[in-house]
Amino acid sequence: MFNPIIKIRINEKMFYFLFLTLVCLLLYGQKYKTQISVIYTNSANGYLESCDCPTLPYGGLARRITVINKLRSKNTIVVDSGDLLSAEENRLLTEYCLKLAKYCDYDAVNVGDQEIIQGLNFVKQFKDIPFVSANVLINKSDEESYFFPLYKIKEVNNIKIAIVGIVSSDTLTLIDNNVLSNIKIVNHIDCLNKLIPLLNKQADIVVLLSHCGLEEDKRIAKQIEGINIIVSGHSQNLLFQPLKIGSTLIVQAGKNGSYVGKLDLEVVKTNKRIKIDKYKNKLVLLDKNVFVDKMVQEIINEYNYKIKKQAEKLLLK
Ligand SMILES: [Zn+2]
């Protein structure tokens, strides 16, 4: 004969089973999958435009603006790992580089040795450029004072991305001692060892803008956990495919701003864990087929006119 008590017990068991399954799904199965892209540049070296000649066949900031704005979407961050400016001190050129860089609408730009050459107090006046730098300090013996924010956090598609910038003191060989006496460079490894664990708590993904050169970036990827992407700089390597060291991807886009890179990431977020499932990289060559905006060309014409006037003045002396 059918026993109603047994039926209730079975139903109770079923209820607990379903309840536990639901809890497990809520705790462990909440997967969020999305796509984000890192648009990256490095080493424009102060070139406003390409001469399309053997000295500078490709590149220049004018074309960079067009390509970045074409690649940009609501899923992207746009970053530069440094040496946006020239290696020779030239304040007029720096002013115009930074005027053009404003139209790239970067989320973060790292300080490289060539930014330091131009004088960081001068560079700092261009408030439209979101410089970040975690290990370059104003040289005051009694306090820690930074020129720029150490990092920036941007949320894209519900994924928090921390963008941090560093420079290695090994890259400062061209810099005048007078300039060096006004700054203090903290060892980049010590800086990252302190900062990356903090950023891992605040963000889902950490993007390091590193002005240390590719070989040092490989060492950083091996030594320091918690960095998802390294946008490498200074050494001017052209990497058509990212280098993967552990779970860190390293990218770099050559010299003289000849390319703009775009790294597409498929990201899976499970509760507090994040995983880059798949990635795809492309480098866009800035050749003469890239259109230059009329307003951008007018800025360059203005610079060329000022240079011509300066040269005429020198000849008259
Ligand atoms: Zn450099």
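Visitor: Does Asn158 count as buried or exposed?
Guide: This is a predicted model, so local features need pLDDT of at least 70 and side-chain atom pairs count only at pLDDT 80 or more, while totals for chains, interfaces and linings use all residues. Residues are numbered from 1 along each chain as its sequence is written. A residue is buried if 20 or more other C-beta atoms, placed from the backbone, lie within 10 Å of its own, exposed if 12 or fewer, and partly exposed in between. Asn158 has 11 C-beta neighbours inside 10 Å, so Asn158 counts as exposed.

Visitor: What is the phi of Asn158?
Guide: Asn158 sits in the loop between β7 (151-156) and β8 (159-167). Strands here are DSSP runs of E with at least two residues, and helices are runs of H or I with at least four, numbered from the N terminus. Asn158 is not a glycine, yet its phi is positive, at about 65°.

Visitor: Is Ser43 buried or exposed?
Guide: Ser43 lies in the loop between β1 (31-41) and α2 (61-71). Its phi is also positive, near 50°, in a residue other than glycine. Because 28 other C-beta atoms are within 10 Å, Ser43 is buried.

Visitor: Which residues does Ser81 touch, not counting those up to four places away in sequence?
Guide: Ser81 is in the loop between β2 (76-80) and α3, and Ser81 is buried, with 32 other C-beta atoms within 10 Å. Two residues are in contact if their C-beta atoms, placed from the backbone, lie within 7 Å. Leaving out residues up to four places away in sequence, Ser81 touches Asn42, Asn110, Leu209, Ser210, His211, Val231, Ser232 and Gly233.

Visitor: At what angle do α3 and α9 pack?
Guide: Two packed helices are described by the angle between their axes and the distance between the axes. Axes are lines fitted to C-alpha atoms, for helices over the stretch in contact, and angles run from 0 to 180 degrees between N-to-C directions. For α3 (residues 91-101) and α9 (residues 294-316), the axes are 11 Å apart and the angle is about 175°.

Visitor: Are α3 and α9 roughly parallel or antiparallel to each other?
Guide: Angles under 35 degrees count as roughly parallel, over 145 as roughly antiparallel, 65 to 115 as roughly perpendicular and the rest as oblique. The angle here is about 175°. Therefore α3 and α9 are roughly antiparallel.

Visitor: What percentage of the 317 residues of the protein count as buried?
Guide: The protein has nine helices and 15 strands. Of its 317 residues, the share that counts as buried is 40%.
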